[in-house]
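Here is a friendly walk through one protein model. Have the sequence and the 3D view open while you read.

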Amino acid sequence: MTGLLTIYRSLTLAGLPFLELLLTLRMRGGKEDSARLPERKGRPSRPRPQGKLVWIHAASVGEAQSALILIDALGRQSSSLNVLVTTGTVTSASLMERRLPPFAFHQYAPLDHPAWVGGFLDHWKPDLALWMESELWPNTLLELQRREIPCALVNARLSDRSFRNWNFAKDAAARIVSCFQLVLAQTQKDAEHYRALSARNIVVSENIKYSAAPLPHDALALSALKLAVGERRAWVYASTHAGEEALACRVHKALKEKIPDLLTIVVPRHPQRREDIAGVCFEHGLKFTMRSNNTALPVAHDDIYVADTLGELGLFYTLCDVAFIGRSFSDDGGGGHNPIEAAQLGCAVMTGPNNQFQRQLYDDMRNENAVTEVHGEEEFITALGHLLTDPQALAAAKERTGAFVARKAHVIEDVLEQLSPFFQIPEDRDAA
């Protein structure tokens, strides 16, 4: 083992009191589920099911969404699998609770302490481990390798910044990535990064998110919204972060001069920010309704409708023709969110310039003219106004976006083909 990894393992072995304190502080801050805190220490809260068990680890919400696509695809092909999904955040656990099929279940991932990881693996004894995207925990991966549990990195990505950081410890990085028997990279660039770190058996499979099932929505809720909105022109600013609600207000005020009936729908990424968002609307002198107030609907005089609820994004993508994807103009420097969900539900998709965490998705869409990227407030106002007032331009944008996602829907089949040597999946789910 390299010197850096030896130091890391020594620190984690000695650092148990620190990890205990960390969990306590996170719990007090609402970032841990107190009822399930033992899971974070490798003490599971349910028995292991009989039969084959595939463990899928997804760090947070973004990776969890990719994992759900993979899980659904596995379920369509095999009835004999049990799927254990681990994540590390309360939000991702809530997502899993709502979305997991009956043959899959969620546990919180243990922190990367050898004793906690050992207890976790002693209990679950997975037949296969699939890690999503980019989170690499040395103790866990090395223990999987020691126990000869097959392990693959799925939907792998490695940003330029992360790659530079790993390059400072190339020997340690090579030791860690050697734990994967297969790396399915999102892009050629990701593949090159992992290859430079001495990963083996690398295949470019593209991004699993292209194969996501469309976000669901409640039909009755959609009917109620359509009735409330009527003939008004509405657009949605989805997954907003701090700074973007104020931008939405300014854009609305600028466009309202030529679109008097305009309705701006703001869906914050973190609904608990609702009081701050209400304050922003007050500051801009705009009338608004908060959806969390007994599922209140927008009324005729509203400028802004704040959809401060969880799990309803599909509802607003279905309602609106134009979706601007958040965290691309946010105060935190941005990073972007997934544009595919909006595209799948027929929206013309817009984004700001700071979408670096989703860069490949946006690059692919931009190359096929399937997204409108704006680089400042005035450009935002002009481009959005054009789509909302020119029916032909709107129809053409929606058609290009829809064609793009239709062409990319094959990705999950390619991923399953690459994974098939790791386990036998019956051709017919009902035949097993």
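Ala234 sits in strand 8, which covers residues 234-240; helices (H or I, at least four residues) and strands (E, at least two) are DSSP runs, numbered from the N terminus. Ala234 is buried, with a relative accessible area of 12%. Buried here means under 20% relative accessible area, exposed means over 50%, and partly exposed lies in between (1.4 Å probe, protein chains only). Leaving out residues up to four places away in sequence, Ala234 touches Val229, Leu263, Ile265, Cys320, Asp321 and Leu388, where contact means heavy atoms within 4.5 Å. Ala234 and Asp303 are 69 residues apart in sequence, yet their C-alpha atoms are 10 Å apart in space.

A word on where this comes from: the model is predicted, local features need pLDDT of at least 70, side-chain atom pairs count only at pLDDT 80 or more, and totals for chains, interfaces and linings use all residues. Residues are numbered from 1 along each chain as its sequence is written, and side-chain values use heavy atoms, with hydrogens and water left out.

Stepping back, the protein has 18 helices and 14 strands. Its radius of gyration (taken over C-alpha atoms) is 23 Å, close to the 22 Å that the globule rule gives for 432 residues, so the protein is as compact as a globular protein of that length. That rule is 2.2 Å times the number of residues to the power 0.38. The C-alpha trace spans about 65 × 45 × 45 Å along its principal axes, and 54% of the 432 residues count as buried. Of the contacts with a separation of 6 or more, 69% are between residues 24 or more positions apart.

Now for the sheets. Strands of a sheet pair through backbone hydrogen bonds, either parallel or antiparallel.

| Strands | Bridges | Facing residues |
|---|---|---|
| Strand 2 and strand 3 | five bridges | Val83 and Ala104 |
| Strand 5 and strand 6 | three bridges | Leu153 and Val183 |
| Strand 6 and strand 7 | three bridges | Leu184 and Val203 |
| Strand 12 and strand 13 | four bridges | Val322 and Ala348 |

Which way do the side chains of strand 6 (residues 182-185) point? Leu182 and Leu184 point one way, Val183 and Ala185 the other way, and all are buried. In strand 5 (residues 151-156) you'll find Asn155, buried with a relative accessible area of 1%. Its contacts include Ser66, Met132, Leu184 and Glu206.

What about the nonpolar cores? Each is a set of buried Ala, Val, Leu, Ile, Met, Phe, Trp, Tyr and Cys residues joined through side-chain atoms within 4.5 Å. The largest has 69 residues, of which Ile56, Leu70, Ile265 and Tyr317 touch the most other members. Helix 3 (residues 61-77) gives the largest share of this core, nine residues. Apart from it lies another core of 34 residues, among them Val266, Phe288, Leu387 and Ala397.

Finally, the cysteines: the structure holds zero disulfides, a disulfide being a pair of cysteine sulfur atoms within 2.5 Å. For Cys179, the nearest cysteine sulfur is that of Cys151, 7.2 Å away. For Cys347, the nearest is that of Cys320, 6.7 Å away. Cys179 counts as buried at 2% relative accessibility, and Cys347 counts as buried at 0%.

Conventions
Two strands pair if DSSP finds at least two bridges between them.
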